[in-house]
Amino acid sequence: MEYGFGAHDFSSSGVFEVESKCCPGFVYRKTVWLGTTELSREEFRSFIETLAGKYHGNTYHLISKNCNHFTDDVCKNLTGKPIPGWVNRLARVGSVFDCLLPESVQVSPVGRVPTLRPVTDDDLDSVSSSGSDEGDEDKNLLPAPSTDLDPVDVPLKLAKDLL
C-alpha cells in the first residue's frame, strides 16, 4: 500500500491509502528507495494513524505543507533520514520567493521575510552535478536546455507601456 496526503475542505485527516503506484489523478514516475523500518504492520498502522492527526485536509498548502512534507515526516520517523532534497525543491524555492507567488499560495504576507529552514548537506548534494549516485540524471525533472538555440535580443518593456 502507498500513503499520501492531499487537500480537502474539512478538518479531518487528509492522509489516504491507495494501491502502490496507482494513485488516482497522478502518473507514476519512479520508485526512490528510502530505507526500511523495524516496525510491525500493527505498529506501522498505529504510526500512520497518529501522524494522520497532524495532516488535516484543510491544512494542505502547496508550499508549506504538501504531500512531500508528509513523506519527509514519514521517512524521518521510520528511517531517521529525510527524503532526497530534490523531491520538494520546488516548494523550498517557492518559500524563498514567496512575494512573487500569487497571494493564494503565499506562505507569509508580502513584505515579511519568510522563515527558512537551514540548508542541509542533502540540499547541497541535490543541486550538485558532480554527484556519483547511481541515477542522478533522473533527479532532474526537466531536460537540459538545447545548446543549438541562439539568444534573441528583445527590448524590455514596462508593464505600463503595454497597456
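**Helix crossing and ring pairs**

In this predicted model, residues 24 or more positions apart account for 56% of the protein chain's contacts with a separation of 6 or more.

Visitor: In what order do the elements of the protein chain run from the N terminus on?

Guide: Start with the tally: the protein chain has five helices and two strands. Now walk along from the N terminus, and the order reads β-β-α-α-α-α-α.

Visitor: How do helix H1 and helix H2 lie: parallel, antiparallel, perpendicular or oblique?

Guide: H1 covers residues 41–52 and H2 covers residues 67–79, and their axes come within 12 Å. They cross at roughly 140 degrees. The antiparallel label needs an angle over 145 and the perpendicular one stops at 115, so H1 relative to H2 is oblique.

Visitor: And which hand does the crossing of H1 and H2 have?

Guide: Look at where H1 passes H2 in the model. The crossing there is right-handed.

Visitor: What classes of residue make up the contact of H1 with H2?

Guide: On the H1 side you'll find Phe44, Phe47, Ile48 and Leu51. They meet Phe70, Asp73, Val74, Asn77 and Leu78 in H2. Sorted by class, that contact has seven nonpolar, one polar and one charged residues.

Visitor: Switching to rings, how are Phe5 and Tyr55 arranged as an aromatic pair?

Guide: The model has six aromatic pairs by count. In the one formed by Phe5 and Tyr55, the ring centres are 5.0 Å apart and the planes stand at 75 degrees. Planes over 60 degrees apart take this label, so the pair is edge-to-face.

Visitor: How far apart in sequence are the parts that Phe5 and Tyr55 tie together?

Guide: Phe5 belongs to strand E1 (residues 2–5), while Tyr55 sits in the loop between H1 and H2. The pair therefore ties together parts of the chain separated by 50 residues.

Methods
Residues are numbered from 1 along each chain as its sequence is written. This is a predicted model: local features need pLDDT of at least 70, side-chain atom pairs count only at pLDDT 80 or more; totals for chains, interfaces and linings use all residues. Side-chain values use heavy atoms; hydrogens and water are left out. Axes are lines fitted to C-alpha atoms, for helices over the stretch in contact, and angles run from 0 to 180 degrees between N-to-C directions. Helices (H or I, at least four residues) and strands (E, at least two) are DSSP runs, numbered from the N terminus. Angles under 35 degrees count as roughly parallel, over 145 as roughly antiparallel, 65 to 115 as roughly perpendicular and the rest as oblique. A crossing is left-handed if the near helix is turned anticlockwise from the far one by less than a right angle, and right-handed if clockwise. Contact means heavy atoms within 4.5 Å. Ala, Val, Leu, Ile, Met, Phe, Trp, Tyr, Cys and Pro count as nonpolar, Asp, Glu, Lys and Arg as charged, and the others, Gly among them, as polar. Rings of Phe, Tyr and Trp (its six-membered ring) pair if their centres lie within 6.5 Å; planes under 30 degrees apart count as stacked, over 60 as edge-to-face and the rest as tilted.
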